[in-house]
Amino acid sequence: MTARRTPDGFDLPVQLTPGARRDRLDGWDTDADGQPVFRAHVRAIPENGKANTALVKLLAKRLGIGKTRLNVVRGQTSRIKTISVDCDAAEADSLIAKLTEAET
């Protein structure tokens, strides 16, 4: 698992599959280059940012935080994205732990 800490929270590498049968989080895996990514699937199509919006909503629900605290900072039109999560250092550990719970 790799979520990169930042001064304002942490960055989460996500591999998104749009147009899925249902919205779901699959947990940590590696991409084709061997880099750790958090896998997510959304029903929304990759048109006009709909899939990105659905991803933010899904992650916010899993983390139990408001959608405004998550932001797609890289990969708006790519399947590999970086999601910035705004939180303080103390909260970051518990939020990252909630992502690990998605694997079960």
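What follows is a set of questions and answers on this predicted model.

Colleague: Which strand does β1 pair with, and in which sense, parallel or antiparallel?
Modeller: Strand β1 covers residues 4-6. A hairpin of two residues joins β1 to β2. Arg4 stands opposite Asp11 in β2. Three bridges join the two strands, so to name partner and sense: β2, antiparallel.

Colleague: Which residue in β6 is the bridge partner of Val14?
Modeller: β2 and β6 pair over seven bridges, in the antiparallel sense. Strand β6 spans residues 80-86. The bridge partner of Val14 in β6 is Lys81.

Colleague: And in β4, which residue is the bridge partner of Gln15?
Modeller: β2 and β4 pair over four bridges. Here the sense is parallel. The bridge partner of Gln15 in β4 is Arg39.

Colleague: How many of the nine residues of strand β2 are buried?
Modeller: Strand β2 covers residues 9-17. A residue counts as buried under 20% relative accessible area. Strand β2 is largely enclosed by the rest of the structure, because the number of its residues that are buried is eight.

Colleague: Is Pro18 buried or exposed?
Modeller: Pro18 is found in the loop between β2 and β3. Leaving aside neighbours within four places in sequence, Pro18 is in contact with Val42, Ala44, Pro46, Ala51 and Arg79. Its relative accessible area is 18%. The cut-off is under 20%, so Pro18 is buried.

Colleague: What kind of aromatic pair do Trp28 and Phe38 form?
Modeller: The structure holds one aromatic pair. The ring centres of Trp28 and Phe38 are 5.4 Å apart, and the planes stand at 75°. Planes over 60 degrees apart count as edge-to-face. The pair is therefore edge-to-face.

Colleague: Which strands does that pair tie together?
Modeller: Both Trp28 and Phe38 are buried. The two parts are ten residues apart in sequence. Trp28 lies in residues 24-30 and Phe38 in residues 36-41, so the strands are β3 and β4.

Colleague: How far does helix α1 reach from its first C-alpha to its last?
Modeller: Helix α1 covers residues 50-63 and has 14 residues. At 1.5 Å a residue, the expected reach is 20 Å. The reach in the model is close to that, at 20 Å.

Colleague: Which elements do the buried residues of α1 pack against?
Modeller: The buried residues of α1 include Ala51, Leu55, Leu58, Leu59 and Leu63. They pack against strands and a helix. The elements are β2, β3, β4, β5, β6 and α2.

Colleague: Which residue follows α1?
Modeller: The residue after α1 has a positive phi. The angle is near 75°. The residue is Gly64.

Colleague: Which element gives the largest share of the largest nonpolar core?
Modeller: This core has 28 residues. Those with the most contacts inside it are Phe10, Leu12, Val14, Phe38, Leu59, Leu70 and Ile83. Elements that give two or more residues are β2, β3, β4, α1, β5, β6 and α2. The largest share is eight residues, and it comes from α1.

Colleague: Why might nonpolar side chains gather like that?
Modeller: In soluble globular proteins, nonpolar side chains tend to be buried together. Phe10 is among the residues with the most contacts inside the core. Beyond four places in sequence, residues that touch Phe10 include Ile83, Val85, Leu95, Ile96 and Leu99.

Colleague: Where in the chain do Arg69 and Glu91 lie?
Modeller: Their side chains meet in a salt bridge, at 2.5 Å from N to O. The pair links distant parts of the chain, 22 residues apart. Arg69 is in the loop between α1 and β5, and Glu91 is in helix α2.

Colleague: Is Asp26 buried or partly exposed?
Modeller: Asp26 forms a salt bridge with Arg24, with the closest N and O atoms 3.0 Å apart. Asp26 has 34% relative accessibility. Buried needs under 20%, and exposed needs over 50%. Asp26 therefore counts as partly exposed.

Colleague: How many salt bridges does a search of the whole structure find?
Modeller: One of them joins Lys50 and Glu47, with the closest N and O atoms 4.0 Å apart. Lys50 is partly exposed at 42% relative accessibility. Glu47 is partly exposed at 40%. The search of the whole structure finds seven.

How values were computed
Residues are numbered from 1 along each chain as its sequence is written. This is a predicted model: local features need pLDDT of at least 70, side-chain atom pairs count only at pLDDT 80 or more; totals for chains, interfaces and linings use all residues. Side-chain values use heavy atoms; hydrogens and water are left out. Rings of Phe, Tyr and Trp (its six-membered ring) pair if their centres lie within 6.5 Å; planes under 30 degrees apart count as stacked, over 60 as edge-to-face and the rest as tilted. Buried means under 20% relative accessible area, exposed over 50%, partly exposed in between (1.4 Å probe, protein chains only). Contact means heavy atoms within 4.5 Å. The expected span of a helix is 1.5 Å times one less than its number of residues. A nonpolar core is a set of buried Ala, Val, Leu, Ile, Met, Phe, Trp, Tyr and Cys residues joined through side-chain atoms within 4.5 Å.
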